[in-house]
There are 4 protein chains.
Amino acid sequence: MTRHVNIAVIGTGRMGSVHARNLARQIPAANLAAVCDIRLEVAQAVADELGVTRVVRDYHELLADKSIEAVLIATNTDTHAFIVNDVAAAGKHIFCEKPIALDLADVDGALAAVEKHGVKFQVGFNRRFDKSLKRVHDIVASGEIGRPCILRIAARDPEPPPVEYARTSGGMFLDMTIHDFDMARFQVGEIEEVYAIGNVLVAPEYAAIGDLDTNIVSLKFANGALGVIDNSRQAVYGYDQRLEVFCSNGVALAENESENTVIKASKDGYLSARLPYFFMDRYAACYVEEVRQFIECVRDDKPVPVGGKDGRAAVVLGYAAWKSYRENRPVKVSEIG
Amino acid sequence: MTRHVNIAVIGTGRMGSVHARNLARQIPAANLAAVCDIRLEVAQAVADELGVTRVVRDYHELLADKSIEAVLIATNTDTHAFIVNDVAAAGKHIFCEKPIALDLADVDGALAAVEKHGVKFQVGFNRRFDKSLKRVHDIVASGEIGRPCILRIAARDPEPPPVEYARTSGGMFLDMTIHDFDMARFQVGEIEEVYAIGNVLVAPEYAAIGDLDTNIVSLKFANGALGVIDNSRQAVYGYDQRLEVFCSNGVALAENESENTVIKASKDGYLSARLPYFFMDRYAACYVEEVRQFIECVRDDKPVPVGGKDGRAAVVLGYAAWKSYRENRPVKVSEIG
Amino acid sequence: MTRHVNIAVIGTGRMGSVHARNLARQIPAANLAAVCDIRLEVAQAVADELGVTRVVRDYHELLADKSIEAVLIATNTDTHAFIVNDVAAAGKHIFCEKPIALDLADVDGALAAVEKHGVKFQVGFNRRFDKSLKRVHDIVASGEIGRPCILRIAARDPEPPPVEYARTSGGMFLDMTIHDFDMARFQVGEIEEVYAIGNVLVAPEYAAIGDLDTNIVSLKFANGALGVIDNSRQAVYGYDQRLEVFCSNGVALAENESENTVIKASKDGYLSARLPYFFMDRYAACYVEEVRQFIECVRDDKPVPVGGKDGRAAVVLGYAAWKSYRENRPVKVSEIG
Amino acid sequence: MTRHVNIAVIGTGRMGSVHARNLARQIPAANLAAVCDIRLEVAQAVADELGVTRVVRDYHELLADKSIEAVLIATNTDTHAFIVNDVAAAGKHIFCEKPIALDLADVDGALAAVEKHGVKFQVGFNRRFDKSLKRVHDIVASGEIGRPCILRIAARDPEPPPVEYARTSGGMFLDMTIHDFDMARFQVGEIEEVYAIGNVLVAPEYAAIGDLDTNIVSLKFANGALGVIDNSRQAVYGYDQRLEVFCSNGVALAENESENTVIKASKDGYLSARLPYFFMDRYAACYVEEVRQFIECVRDDKPVPVGGKDGRAAVVLGYAAWKSYRENRPVKVSEIG
């Protein structure tokens with residue numbers, strides 16, 4: 001019989017509970033051995049729903065349990081780094097939600113612990129597992145349409161998150177563009193320099209905290225390709241997620257998914273559905289797939305598909321974008337460190 | 001706390017096991033109390049996967065169990081009618097896969113039992129629960145684009161089923177067009193007359209058993225609208241499922257869903273993904289939704305969304321189409337009975 | 001220097017004036033030598049606009065002019081046949097607007113004259129020259145997607161013509177479906193049997209004259225393929241012209257053209273442009289192309305792309321459809337003659 | 001009777017001959033009074049084709065002709081400025097192909113002459129007259145989807161022009177991006193600052209002359225909106241011309257036009273047509289419309305839709321982009337002058 005990987009989920013809030021459900025129901029190779037949340041009743045509710053018998057408030061209780069091979073960390077960002085340190089020291093493999101940390105020293109400390117203890121470490125860049133974005137990657141990587149020349153990403157949220165969220169998120173380049181930085185690296189390769197412009201155009205409360213709601217970031221890739229990302233916190237027609245990689249012999253584009261396939265035509269024209277509003281709907285399958293692959297890598301001792309280096313690079317790019325925006329000049333990634 | 005409906009699944013083959021999984025994992029209001037299959041090991045495997053403790057080979061064992069309120073029947077078509085009779089007599093509500101039976105007397109017997117014992121009876125016309133097809137229905141039913149004039153359905157399977165399947169399926173009008181007859185009734189209303197043409201153009205083995213692989217059926221609706229269904233057993237580009245209701249002030253169309261949203265453009269043109277090949281992928285969400293609604297109807301004592309009358313009507317239309325095809329003339333539905 | 005073909009246009013109403021303009025401005029191989037209309041002032045206005053010096057009221061004046069090699073007939077349908085007879089007897093090549101005539105005896109008389117005098121004779125089935133419909137034809141004819149199985153045509157006018165027009169048009173199967181019958185023959189081949197249903201659903205005044213505003217015609221082709229045409233006189237979203245040929249190894253579809261390529265997305269969804277409303281806009285390029293090819297066939301003595309047989313066949317199919325509709329039974333084309 | 005505007009075309013090469021044909025055949029309010037080219041035989045051929053009687057080699061011959069009210073200049077760019085000076089001094093209205101000149105002093109001299117002599121002056125930014133791009137403008141200008149936040153333009157040529165062309169064209173930002181700068185101003189308003197990156201990725205011969213084949217330009221608009229243009233000299237799938245204006249309450253997008261509307265589906269997926277390859281095909285209708293409007297402005301003494309200020313601004317932006325690229329820093333438009 002196939003071996004199951006015993007895994008615990010630490011942090012069972014919005015994202016963690018999705019992972020817990022996926023582990024319990026949709027990833028046969030996994031065994032959800034425990035759930036943990038400092039709000040014990042939240043963890044208990046998830047456990048009840050999924051028939052998980054072990055529920056703890058303090059993740060330290062799980063560290064000594066030899067039967068638990070892997071841990072999925074979905075707590076608040078500011079706790080990721082020290083939990084990673086502890087879990088790595090306990091010799092367990094780690095799937096960590098992004099970003100690893102907002103402080104680069106914390107990121108480096110966590111990655112050093114991972115390396116020292118030789119555990120696997122995957123970062124939750126879920127979009128790499130989207131069937132369409134993955135397909136673009138595969139077309140480009142195959143070389144069948146030549147070398148990459150221009151990467152274009154439009155990534156726009158349906159509505160701004162509460163400004164309190166943005167207060168601790170690291171701001172737009174770190175809470176939103178970070179996904180696109182990772183996607184850009186996934187599709188085209190390393191980025192050497194960025195130039196960022198931004199403004200507050202739809203959510204004035206963001207100006208008061210020094211954040212943005214609209215931005216455009218130009219990219220220079222190490223391989224000579226150019227790129228551009230645009231972001232907005234408010235696309236009223238839904239969660240707009242488009243990407244194209246224009247190459248010397250063609251282009252590969254990932255278009256949006258719609259809520260449904262219906263078109264209503266009348267005197268006014270052809271009306272089709274808006275986009276899904278909720279990122280968890282749009283990328284639901286990715287959350288399963290990224291963890292499914294992590295579990296298989298643990299089970300079969302293979303390298304993980306998205307590692308610590310990727311997690312760090314996206315944070316560095318976020319800082320480079322902020323520096324570029326603030327100083328209104330192109331910033332080399334090497335300036336950040 | 002919300003009441004759960006205890007339900008048993010009889011028949012845990014391809015379709016039944018999907019229903020069992022959905023009941024166990026995705027329909028919180030349901031409690032999958034038992035699974036049953038004459039191939040006990042098949043039922044046992046499903047039970048193991050889902051943590052169901054009661055597994056039986058003979059469905060009669062379930063009839064006396066008062067805790068079981070409802071039964072989902074997903075056995076071979078030729079067993080539906082007598083199981084319905086027994087289950088109805090036991091006072092349990094029924095969700096029955098389509099068709100109810102191929103013999104109209106059997107259908108009528110089953111429906112009489114349902115009526116006599118006052119149980120709920122839902123037929124598994126899953127497509128009515130597709131978000132896009134449902135949306136077309138809602139647009140048309142709202143009257144916002146006027147009265148229905150022309151219904152057009154293209155429904156084509158990716159590849160012919162084994163000819164053995166077709167040998168007992170009732171043939172193309174009963175194994176394939178039956179879905180479209182139900183959809184036509186759902187969208188536009190009662191059908192009064194059909195005219196069917198057909199041929200064997202792609203799968204010559206079907207000719208030997210007197211069946212078809214290609215057909216077109218014209219429809220006259222009671223409300224004066226006209227309709228047409230076309231079917232093929234072999235659409236190499238995938239499971240082609242399109243529908244439009246053309247009305248006096250507009251049209252509502254449900255387009256196909258694609259495997260992904262990627263477009264690759266090159267000197268040859270723009271290439272986008274083919275369609276899903278497997279009907280269970282295309283309509284996966286419908287299988288959950290139809291049973292979810294059934295469970296709620298049982299729990300809240302509401303009328304079911306697709307009933308015995310609908311199940312019967314689609315079978316009658318299948319026979320009318322065969323008669324029309326064989327006699328090469330329009331056939332009134334009233335000729336079948 | 002390349003030889004020019006001297007051609008006269010007889011009938012300079014809506015359609016004839018378009019042909020005259022195309023001949024004068026967009027078909028370098030043609031020389032528009034004369035225009036003719038029984039309303040002399042109408043012909044004169046066209047002549048003034050285009051710098052044509054010869055203007056006549058009676059087409060007989062042109063018959064003796066040896067410099068005129070070809071004639072384009074765009075008069076009222078009921079005059080086509082006798083003009084064809086006269087022009088053919090004068091030894092001039094003929095491009096004749098469709099239909100040749102509504103009376104089959106007239107059609108046959110005209111075609112006999114054409115044959116007797118050995119002149120070229122092209123019928124104005126313009127849609128065969130549409131770049132998209134032609135491309136579908138070429139894909140299908142190449143065999144690259146296998147044998148044709150199902151032809152589907154949706155052809156719907158934006159709004160009903162005045163009922164007076166329909167009074168002398170031969171009715172819906174002869175004024176509207178006739179185009180689709182020709183297209184069906186162009187795409188798939190000879191038709192052996194038709195079955196037509198119809199109704200008056202949007203323009204009640206049509207009922208009073210025994211005509212229809214909505215119809216569906218099923219087709220059996222000689223090669224075993226099946227087909228269906230649907231027509232409406234009122235598609236409020238524009239001139240709806242779609243066609244697909246479903247084959248054993250794929251499908252070729254011609255989608256609609258839109259007024260523009262703009263999409264406006266808002267909370268309500270994605271709104272794109274309606275279709276062109278006017279058939280002359282939709283098929284503008286075809287009117288040039290069909291006559292351009294005719295001129296070249298005359299100049300280079302090649303066979304014309306759409307001949308008298310095609311013109312006759314479409315009329316016969318129109319009568320077969322009417323007979324089928326009235327007797328509510330499938331009608332073999334051979335029943336009409 | 002409506003007054004006709006007598007106009008002469010100076011320069012009857014590729015672009016000038018198109019304008020001459022449009023004036024002669026498709027703009028009823030115009031009278032093409034003369035054609036002029038230093039290659040007299042080229043002008044003569046156009047005159048012969050169009051029935052124009054006056055043909056001159058030297059444009060000075062036209063200046064004293066009081067019957068000529070307007071002149072269309074389609075000569076080489078380096079001759080525009082002095083011809084404008086002379087024609088303006090002669091009191092004739094001017095339609096001038098873009099760019100006015102590559103030297104800003106020449107531009108300013110020409111515009112000063114125009115102002116001094118009080119003649120109308122329109123620059124040939126044809127894309128503003130495209131039905132789709134115009135429709136986007138109208139949607140945005142109406143305010144119905146809120147304030148502009150992000151402008152995105154992808155503009156890619158099918159294949160690089162001969163490098164000799166680029167040697168005198170001013171380079172990529174002045175021969176290609178110049179169109180997009182004008183479009184950006186048309187859609188969103190004045191631009192204050194640009195940042196340009198570029199590379200040679202597909203046509204190495206461009207590196208040798210210090211030009212680019214790929215670029216991305218970020219824009220800051222005076223109204224706070226952000227923008228980005230990407231360009232390539234080689235899009236093998238055709239002439240790629242897409243634009244979107246993302247606003248606070250929606251987005252308006254102009255999609256590409258295709259060569260035809262045919263889709264061929266097979267096992268490999270859905271293949272649709274590539275884009276038109278030739279810019280004159282893509283924008284054919286614009287060339288008519290821009291001159292039609294110019295003629296009407298002359299006839300009715302109205303202000304022209306695209307004036308000298310627009311022509312100058314696009315050139316300035318081209319220089320700003322070059323400066324930004326060369327110094328790798330954002331450049332304010334005010335730095336150019």
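Predicted model: local features only at pLDDT ≥ 70, side-chain atom pairs only at ≥ 80, totals over all residues.
Hi everyone. Let me begin with a term: a residue counts as exposed when its relative accessible area is over 50%, as buried when that area is under 20%, and as partly exposed in between.

The side chain of A:D301 forms a salt bridge with that of A:K120, at 2.8 Å from N to O. The two partners are 181 residues apart and link distant parts of the chain. A:D301 sits in the loop between α12 (284-300) and α13 (308-327) of chain A, while A:K120 belongs to the loop between α5 (104-117) and β6 (121-123) of that chain. And is A:K120 buried or exposed? It is buried, because its relative accessible area is 13%.

Staying with chain A for a moment, there is also a network here. Salt bridges link A:R128, A:D182, A:R185, A:E190, A:K309 and A:D310. Over all chains, the count of salt bridges comes to 140.

The side chains of D:K332 and D:E193 meet in a salt bridge of 2.7 Å, N to O. This one also joins distant parts of the chain: D:K332 is in strand β15 (residues 331-332), D:E193 is in strand β8 (residues 191-199), and 139 residues separate them. D:K332 has a relative accessibility of 43%, so it counts as partly exposed. D:E193, at 5%, counts as buried.

Now for a local pair. In chain B, the side chains of B:E289 and B:R292 form a salt bridge, with N and O 2.7 Å apart. Both residues lie in helix α12 (residues 284-300) of chain B, three residues apart, which is about one turn of the helix. As a reminder, an α-helix has 3.6 residues a turn, so residues three or four places apart point the same way. B:E289 is partly exposed, at 22% relative accessibility, and B:R292 is partly exposed too, with a relative accessible area of 26%.

Let's look at α12 in chain D, for its geometry. Helix α12 (residues 284-300) of chain D has 17 residues, and the distance from its first C-alpha to its last is 25 Å, close to the 24 Å expected at 1.5 Å a residue. Which residues of α12(D) are buried? They are D:C286, D:Y287, D:V288, D:E290, D:V291, D:F294, D:I295, D:C297 and D:V298. After α12(D) comes D:D301, which has a positive phi, near 50°.

B:L317 is buried, with a relative accessible area of 2%. Leaving out residues up to four places away in sequence, B:L317 touches B:F181, B:R185, B:I191, B:V194 and B:V333. By contrast, the C-alpha of B:P276, 41 residues away along the chain, is separated from that of B:L317 by 28 Å.

Finally, chains B and C. How is chain B laid on chain C? A turn of 180° with a shift of 0.0 Å along the axis does it, with an RMSD of 0.0 Å. That is the relation of a two-fold axis. B:R329 is the residue of chain B that comes closest to the rotation axis, with its C-alpha at 2.9 Å.

At the interface, 44 residues of chain B are in contact with 44 residues of chain C. The two chains bury about 3,400 Å² between them, and 64% of that is on carbon and sulfur atoms. Of the interface residues of chain B, 100% are also interface residues in chain C, so the copies meet through the same surface.

One of the salt bridges joins the side chains of C:R156 and B:E244, at 2.9 Å from N to O. Several strands of chain B each supply at least two residues to the side that touches chain C, among them β8 (191-199), β9 (214-221) and β11 (240-247). The largest share of that side, seven residues, comes from β7(B).

Technical notes: Residues numbered from 1 in each chain as written. Chains lettered and ligands numbered in written order. Heavy atoms only, no water. Least-squares fit on C-alpha atoms with pLDDT ≥ 70 in both. Contact = heavy atoms within 4.5 Å. Helix = DSSP H or I, 4+ residues; strand = E, 2+ residues; numbered from the N terminus. Expected span 1.5 Å × (residues − 1). Buried < 20%, exposed > 50% of the residue type's maximum accessible area, 1.4 Å probe, protein only. Buried area = accessible area lost by both parts, 1.4 Å probe. Salt bridge = Lys/Arg side-chain N within 4 Å of Asp/Glu carboxyl O.
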